[in-house]
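Subject: Structure handover

Hello,

Here is the structure for you to look through. My notes on the ligand site follow below it.

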Amino acid sequence: MTNLSEKFKKIHIKKIALIGHMGSGKSSVGRKLAKKINWDFYDTDAEIERECKISIKEIFEKYDEKYFRKIEEKVISKLFLKDKSVFSLGGGSILSHNTRKIMKKNCISIFLKVDIDTLIKRLTRNKNRPLLINTNIKKKLKSLNAQRLPIYESADVIITNSKNINNTLEMIIDKILKSYNLNKNVKKN
Ligand code: S3P
């Protein structure tokens, strides 16, 4: 994990990227975080679907994973031009060297770490993740984890997405707000 204060000092970051496995809560956490600091929120899967005008599932069915990854990389590199934005990145997007490079340089990256058993429970009935259809979910998640965990763990911040996530998230938000002097932007409910 990076020393966040050091990173804030080095670059004036106005982008936050949430990374982690499918089902780790990137979109709900990202939406909440963006709302709190009054930044924009982008879910890369939703942006891909908007651009291609078909669902992620259909992209995998009609083409293949390789094709999906190409579009994913293109969409993310465009999204990363936006400032004051929180991004929820598709679980496999960090496999792209290019995406990792831009993310490292320009974003505070946050890994939402969730144990495999919890992910299995969350994803068992899910029909929208092509990589998990007609397969042994436990086996698949374990192999994805073996490949991706070292990349996820190189994030600037690691949050264990547990029952206490709201507390941890508040701490991270607080740090971000202080660093950017953004407290004035926080909406009072
Ligand atoms: C994928 C994760 C999905 C989506 C696609 C592939 C992956 O996004 O991009 O189904 O390779 O882990 P979420 O992580 O938002 O579910």
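A pocket here is an open set of points on a 1 Å grid over the protein atoms alone, where a 1.4 Å probe fits and protein lies on both sides within 12 Å along at least five of seven lines. A molecule sits in a pocket if more than half of its atoms lie within 2 Å of its grid points. The ligand takes up the space of the largest pocket.

This is a predicted model, where local features need pLDDT of at least 70 and side-chain atom pairs count only at pLDDT 80 or more, while totals for chains, interfaces and linings use all residues. Residues are numbered from 1 along each chain as its sequence is written, and side-chain values use heavy atoms, with hydrogens and water left out.

The largest pocket holds about 450 Å³ of space (the volume filled by probe spheres set on the points, which are joined across faces, edges and corners). Its lining has 29 residues, and Met22, Asp45, Gly90, Gly91 and Arg129 are the closest to its centre.

Around the ligand there are 14 residues, of which Lys26, Asp45, Arg69, Gly91 and Arg148 come nearest (a residue is near if one of its heavy atoms lies within 4 Å).

- from the side chain of Arg69, at 2.7 Å;
- from the backbone of Gly91, at 2.8 Å;
- from the side chain of Arg129, at 2.9 Å.

The protein covers 96% of the 390 Å² of accessible area that the ligand has on its own (Shrake-Rupley method, 1.4 Å probe).

Regards

Definitions and conventions:
A polar contact is a pair of N or O atoms within 3.5 Å; within protein, one must be able to donate a hydrogen and the other to accept it, and residues adjacent in sequence count only if both atoms are side-chain atoms. On a 1 Å grid over the protein atoms alone, a cavity is a set of points where a 1.4 Å probe fits but cannot get out, and a pocket is an open set with protein on both sides within 12 Å along at least five of seven lines; lining residues have an atom within 4 Å of a point.
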